[in-house]
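Dear colleague,

I am passing on the structure that you will find just below, and after it I set out what was found in it. Please keep the sequence open beside the text as you read.

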Amino acid sequence: MSNAGDDIADAEVPEDVDIPEDIEPEGADSEIEKGAKEVPHGLPLRVEGLRKEFGGITAVDGASFEVEEGSLTGLIGPNGAGKSTTFNCITGVHEPTAGDVYFRGEEVTGLRPHEIAQRGLVRTFQIARQLDEMTVLENVMLAPGGQKGESITRSVVPGLRGQVVTQERDLREEAWETLEFFELDHLATEYAGNLSGGQRKLLELARALMTDPDVMLLDEPFAGVNPTLEEKLLDRIHDLREQGLTFLLVEHDMDLIMENCEHVIVMHQGRVLDEGPPEQIQNNEEVIEAYLGGNV
Amino acid sequence: MSESTTRDVLDPLRNLFAYDAAKVTVMFLGIWALFYAFGTQLGYGNTGLLALVRRVTFLSAVYGIVVLALNIQWGYAGLFNIGVAGFMAVGAYTVAMLSSSPTGAPPGLGLPLPIGIIGGMLAATLVGLVAALPALRLKADYLAIVTVALSEIIRIFYNTPAFADITGGASGFDNLPTNPVNALLLQDPTNTVSEPTAVGEVVFSFFSSFGVERFVAIPTVYTVGVLVALLVVYLVLERTGKSPYGRVLKAIREDETAAQSLGKDTQNFKVRAFALGCGLMGLAGILWFAMGPRASITPVTFRPNITFYIFIALIIGGAGSNMGSVLGGALFASLLFEAPPVVRNIITNAFEVSADPANLIEALVPIASGELMPLAGFLLNNIDTLRFMGMGLLLVVLVQRRPDGLLGARKETAAGVSLAADTRPGHSNAAAENGGDDDE
C-alpha cells in the first residue's frame, strides 16, 4: 500500500491515477460502471457444500446456493438455521470447515475479510457496527478503497500531502452525497455512538455502499427498525439494485421477503431446505413446518 | 472583497496555529511563570532561574515526544504497548554503541551522530516489529503481555555481566556520544571550559549579557533543540493522525472487525502504527538519556515505572489527541514530577520545619498532643516518594471523572480536510470550503 515508487509516480503524473473517477463528469463515470456491470465474469456468488463446525456443533451442514446477477435474494430460516454463520463463512470472518465460495467465478474460500471486501463483496452486520467515537462523516469516509492517504509517507511528506488533501475533498463530497441519499446528512457531524438503532442501520448501509461494492450481503438490516424507516431502507435498496448492485439479504420477516425478493433461499438446520420464487416457497409444506417449529 | 481574500489566505494558518498553538504557548508560559516564581522565592539569580526553568522545559519536551509516540499506538490504534521503557532503552543504547568514541569504555563505533540517531530509531523499530508481528495477530491483552515482557528482557540483557564489554552491564554505558551542542559551541566538545567556536562565541556572549554561565547555556541550547524535535514529531503525528491512515487506526480501535469488513487490511495498519511509535520512542530515549543534561544510560533507568509515568501523562492529556499528548506530557513532567521537590525547598526555606521523624508513626503520634510539625516535616522529607502516591490518586480520579483526559479530545476528526457541517457541497459559505483544510 505504501510504496515509495508509487508515491513518486503519483506525484509526477497526478492525472494518471485512479482519481479521475471522481473528477471526470458524471457521464463518463457511469459509463465505466455500466461497462463493468454489463460484462460480469461469472455469477456474483456461488456457495458449494459449505460446512462449518464449532466444536461438536455443526452450524452449517453442506449448504449450496447461487445468487443471480442483479437480484435481491432473500435468505430466510428459523433461529439457528445457520444464516449468520453462512454469511460469516462467505465474508471470511469464519473459515469454513469444508465447501467452497465463489465470487464472480473466482474462489474466495478462506481469504481474509478485507481481501473479500476489496473484491467487491461487502457485508453489513446484524448488530450494527458503527464506530462510536467517530463522526458519521468519518464513518462514511473511512470506507472507500484506494485512499492515497492510507500511506503514512503520503500523509506526512509536504510535497505529497497535496494529493491526499485533494482526494479527501472529493471523498468528502461523495460522503455528503451518500449521507443525503440515506437522509443522514443532518447527523453528519454527530458521533456515531449517539445515533438511534435505526440510524445506525442506515449508517452501516451507507458506509458499506461507500466501498463501491458489487454484491452486498445484508444481515438483518431491518431488525429493530421502525416501519417508516424500513420502507426508506427498502426504497434505497431497490434504487441501488436498479444501479446494478446485487443483494443477498438475511431476514426474519417473511412478508417483507415475499414482497421484495424475487428469489428466496430457505435454510433449516444448516442446510438449504428449498429455494425458488416466493410463491413456490410460500406453498412448501416443509418450509411452513420448519417455521412453525414442527420438527425441531 | 479584499477582507474575505485575506481571510482565505490566513484561515488555514489560523486553524493550524490559533487554537492548538495558543494552548501550548499558554501552558508553557504558565509553567515557566510558575517555576520562575519558585526560583525567585528561593532567591536564585539569573543562572539558577534559567537552570530551573530549563530543567522543567527539557523534561516536558522529552515527555511530550514519548507520549506522542505512545498516542499513535494506544490513543489512535488502541495498541496496548506497556514496553515503552524498553524501546527507549534500545534507542539510547544503540546510539551510544554506534556513535560513542572507540577509545572509551565500553567502546563505541565512532560513527557520525546522525547515523547513530537513525540507527537507534531503526533498532527500536525493529525490536518493536519482532515483538509485534506475532503478538498483533492476537488480542490486545497479549500485545500488552509481550511488550512488558520484552521491555524487561531488554533491560536485563543490557544489565547482564555476560555482555558487559559491549553494554557496560549494570553500571551502564558510561561512554556517551558527544553532545551535538557541545560540538557546535566548543572547540573541544569534551571540555566545557575550552575555547568556544565562532557560533559558541555569539551564544555565550548572548547568555552572559544576562549573567548566565556557560554550564547553563549549553543545556539550554540543547533543550531548545529538543523543543524543535518535539514540534517536528508533533507535526508528523498530527498529519499521520489527520489523514485516511489515522482514520483507519481509529476504526481499528473502535471495532477491528468493522474495519476489516470494509476492506481494510487492519494487520498492516497496526504494524505500521506500532513501528512508527517504537521508532519515535527510540528517538525520545536518545534525546533524553543518550545526550543532553540528563544523559545517563544505565539499566535501572529503563525500569517499567517510566512506562507507567508515560501512560499517566497520556491519560492526563487525553488518549487519542496529539495536542493532549503534548499538554499531558508537559503537565505531568512539570507539575507532578518537578514541582513537588521545589515546593518542598521553598517551604523548608520559609518555615522552620525542623521536626524529622523517622517514620509515619513518629509523625502521627504527636498530633494527639496537638503538634502538627512532625507530620509536616515527615511529609516534606518524603515528598519524592509521596508524589507517586499522588500520581496514583490522580490517575484514579482522572479515570473516574475525566476518562477522556483533561481535553477529552478523542473527538478530533481524522481526515485530511475539515469535516465540519459547513463543508457540505453547496453550502452558502464558500470560504468554508477551503477554510477548514489543513495546509498542503
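**The sheet of chain A**

Helix α4 (residues 83-90) of chain A lies across β3, β6, β7 (215-219), β8 and β9 (263-268) of chain A and runs at about 145° to β7(A), where axes are lines fitted to C-alpha atoms, for helices over the stretch in contact, and angles run from 0 to 180 degrees between N-to-C directions. Helices (H or I, at least four residues) and strands (E, at least two) are DSSP runs numbered from the N terminus, and two residues are in contact if their C-beta atoms, placed from the backbone, lie within 7 Å.

Before going further, please note that this is a predicted model, in which local features need pLDDT of at least 70 and side-chain atom pairs count only at pLDDT 80 or more, while totals for chains, interfaces and linings use all residues. Residues are numbered from 1 along each chain as its sequence is written, and chains are lettered from A and ligands numbered from 1 in the order in which they are written.

In chain A, 6 strands form an open sheet with mixed pairing, in the order β6-β7-β8-β3-β9-β10; two strands pair if DSSP finds at least two bridges between them. Because β6 (121-123) and β10 (271-276) of chain A stand at the edges with a single partner strand each, one side of each is left without a neighbour in the sheet. From one strand to the next the twist averages 20°.

Strand β3 (residues 72-76) of chain A runs parallel to strand β8 (residues 246-250) of chain A, joined to it by 4 bridges, and A:L72 stands opposite A:F247 in β8(A). By contrast, β9(A) and β10(A) pair in the antiparallel sense over 5 bridges, with A:G276 in β10(A) as the bridge partner of A:V264. These two strands form a hairpin with 2 residues between them, and A:Q269 in the turn has a positive phi of about 50°.

Chain A has 13 helices and 10 strands, whereas chain B has 18 helices and 0 strands. A compact globule of 440 residues would have a radius of gyration near 22 Å, and chain B, at 24 Å, agrees with this; the radius is taken over C-alpha atoms, and the globule rule is 2.2 Å times the number of residues to the power 0.38.

**Where the chains meet**

The contact takes 40 residues from chain B and 39 residues from chain A. On the side of chain B that touches chain A, the largest share, 7 residues, comes from α10(B).

B:Q260, in helix α11 of chain B, counts as buried because it has 23 C-beta neighbours inside 10 Å. Leaving aside residues up to four places away in sequence, B:Q260 touches A:P113, A:H114 and B:T266.

With best wishes

Terms used
Buried ≥ 20, exposed ≤ 12 C-beta atoms within 10 Å, placed from the backbone.
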